[in-house]
Amino acid sequence: MTNINITNFRKDIYDLLEKTIKFNEPINISTKNGNAVVISEEDYNNLMETLYISSIPELKTDIVNGLKEPLNECISEDEVEW
């Protein structure tokens with residue numbers, strides 16, 4: 001995570017945002033009144049999807065159980081019906 005004060009953020013806003021978008025590197029901006037974090041839209045959408053999936057108890061359980069299943073007991077990707 002990049003840490004920067006608000007003054008330097010204002011000076012380099014374009015380059016900092018481009019790096020955040022390209023490399024998904026969050027920016028922690030410090031001000032007198034507290035801090036703010038800027039993340040890419042991709043990271044934001046991923047975070048929202050993770051929170052949504054985690055809020056569905058049955059789905060969360062299925063995912064956790066699936067992670068525990070040995071790979072040799074899983075079907076191949078070619079056999080999955082999408």
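Contact means heavy atoms within 4.5 Å. By that rule, and leaving aside its neighbours within four places in sequence, isoleucine 4 is in contact with Phe9, Leu16, Ile27, Asn28, Ile29 and Ser30. This is a predicted model, in which local features need pLDDT of at least 70, side-chain atom pairs count only at pLDDT 80 or more, and totals for chains, interfaces and linings use all residues. Residues are numbered from 1 along each chain as its sequence is written, and side-chain values use heavy atoms, with hydrogens and water left out.

**Core**
- Ile4, Phe9, Leu16, Ile27 and Ile29 make up the largest nonpolar core (a set of buried Ala, Val, Leu, Ile, Met, Phe, Trp, Tyr and Cys residues joined through side-chain atoms within 4.5 Å).

**Asparagine 28**
- Strand S2, residues 27-31, holds asparagine 28 (strands are DSSP runs of E with at least two residues, and helices are runs of H or I with at least four, numbered from the N terminus).
- Asparagine 28 counts as buried because its relative accessibility is 17% (buried means under 20% relative accessible area, exposed over 50%, partly exposed in between, with a 1.4 Å probe and protein chains only).
- Leaving aside neighbours within four places in sequence, the contacts of asparagine 28 include Met1, Thr2, Ala36 and Val37.

**Methionine 48**
- Methionine 48 is located in helix H3.
- Methionine 48 counts as partly exposed because its relative accessibility is 34%.
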